Amino acid sequence: MNHNIYSIGTGCGWLDLTSSRYPKNMALNTSYESLSLANHDFSFSFYKEVDKTDEGNIFFSPFSIHVIMFMASMGAASKTFDEMINTIHLNETTHSMEGYRKLLEDLLSDNDSLKLATGMFVDKTFKVKKSFVENSMKYLKSSMEKLNFKNEPKEQRRYLNNWILSKTNKKIKDLFPQGSITNDTSLMLANAVHFQGTWIYSFNDAVDDLFYVTLSNKVPVKMMNLVDDLQYFHDNDLKFAALELPYDHYAFNMIILLPDDKDGLKDLENNFSKINLNDISNKMSKYDVTVKLPRFKLEQSLQLKDILSNLGCPTMFTEAANFSNIVERGELYVRQVAHKAYVHVNEKGTEGAAVNGFNAVVRTMPDKLSKVYFVADHPFFFSIVSKTKTILFMGRLSNPLK
């Protein structure tokens with residue numbers, strides 16, 4: 001009988017932690033660059049796939065998706081392994097367990113803005129290879145628990161939902177829907193991510209304004225206002241403006257790409273192949289920017305089976321899947337991959353003395369900076385990026401009221 005490996009959380013990512021095929025002398029900075037590039041390219045390919053079936057708001061965590069697939073793929077082999085690598089834009093020579101471990105440490109150390117939880121939950125009657133468990137714990141900071149899926153699937157579903165709730169500041173609820181865990185569930189890989197940062201530069205209290213969902217459809221919003229020296233860039237060819245808004249401690253930035261035309265987001269999305277967020281950041285210069293940005297709160301759930309299959313790894317969802325590095329005997333396949341992500345954007349910023357003092361340094365000689373206006377009163381693309389250039393979240397705001 002085939003067992004189900006129900007991989008749930010935010011995404012997909014692979015690295016064979018048991019093989020010896022990786023160069024032992026790979027420099028850590030090279031690994032970082034490879035992971036950053038893979039994260040960037042996977043983020044945009046995933047966005048395009050979601051865009052095919054979703055015309056409204058989009059929000060997801062490509063990084064978290066990368067982590068959960070990375071973890072599941074540790075146990076993959078042959079065709080399953082190859083497909084998962086290609087899907088997340090890595091190859092055999094760009095994998096680095098140590099690089100991934102260091103990336104997680106840098107993202108999560110000394111910063112309360114990002115909450116990332118990864119766990120392995122195994123039925124008491126199911127035997128998982130020791131090497132898979134040890135590598136998941138060592139390199140991906142996963143926890144591991146034995147549960148009674150076979151006899152108590154409903155109780156275990158409630159337990160897992162409460163586990164996710166506790167790991168995300170009670171923001172992500174009911175990740176596991178009814179029927180998602182059954183008595184034939186053998187192994188559950190769970191991953192949840194939550195981000196809530198405070199701005200370095202505080203916005204003024206929001207005021208009533210309008211947001212153009214389309215040229216003929218305006219909706220009322222609370223528009224935040226800010227005037228400060230910020231990193232800004234305008235692309236005259238692709239007709240969009242880019243703005244960088246830093247969060248506390250400069251550990252993360254929100255990068256917003258705002259089309260010049262109120263109905264220009266689709267044209268911008270069609271040109272994503274020409275866009276690299278790292279290049280845009282490098283082209284930015286400091287301007288005296290007047291910013292108008294709506295308050296918004298997004299929470300989105302996605303079932304990833306079709307998305308990941310279309311991106312290049314369908315085999316893992318079939319009985320032909322090879323997860324022989326997870327289990328000694330029996331067959332495993334992925335029944336479903338689910339993702340849920342949350343973000344809340346408002347005008348509140350950090351009021352600590354150190355931050356205010358730093359602001360005073362940044363604001364030197366404001367009169368010499370060119371003045372620009374960044375009025376986000378129509379659909380835009382945004383991402384939250386770490387100082388290591390890892391895209392944590394990505395999305396678009398088409399309608400702040402939905």
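**Helix packing and an aspartate**

Analyst: In this predicted model, V67, F70, M71 and A72 of helix 2 meet F132, S136 and L140 of helix 5, where contact means heavy atoms within 4.5 Å. Local features need pLDDT of at least 70 and side-chain atom pairs pLDDT 80 or more, while totals for chains, interfaces and linings use all residues. Residues are numbered from 1 along each chain as its sequence is written, and side-chain values use heavy atoms, leaving out hydrogens and water.

User: What makes helix 2 roughly antiparallel to helix 5?

Analyst: Helix 2 (residues 62–73) and helix 5 (residues 130–140) pack at an angle of about 150°, their axes being 10 Å apart. Angles over 145 degrees count as roughly antiparallel, so helix 2 is roughly antiparallel to helix 5. By class, their contact has six nonpolar, one polar and no charged residues.

User: Why is D260 called partly exposed?

Analyst: Its relative accessible area is 37%, and because buried means under 20% and exposed over 50%, with partly exposed in between (1.4 Å probe, protein chains only), D260 is partly exposed. D260 is found in the loop between strand 9 (252–259) and helix 7 (265–270).

User: How do you know that the side chains of D260 and H234 are joined by a polar contact?

Analyst: The contact between these side chains is 3.0 Å, and a polar contact is a pair of N or O atoms within 3.5 Å, of which, within protein, one must be able to donate a hydrogen and the other to accept it; therefore the D260 and H234 pair counts as a polar contact. Leaving aside neighbours within four places in sequence, D260 is in contact with H234, K239, F240, A241 and H378.

Technical notes
Axes are lines fitted to C-alpha atoms, for helices over the stretch in contact, and angles run from 0 to 180 degrees between N-to-C directions. Helices (H or I, at least four residues) and strands (E, at least two) are DSSP runs, numbered from the N terminus. Angles under 35 degrees count as roughly parallel, over 145 as roughly antiparallel, 65 to 115 as roughly perpendicular and the rest as oblique. Ala, Val, Leu, Ile, Met, Phe, Trp, Tyr, Cys and Pro count as nonpolar, Asp, Glu, Lys and Arg as charged, and the others, Gly among them, as polar.
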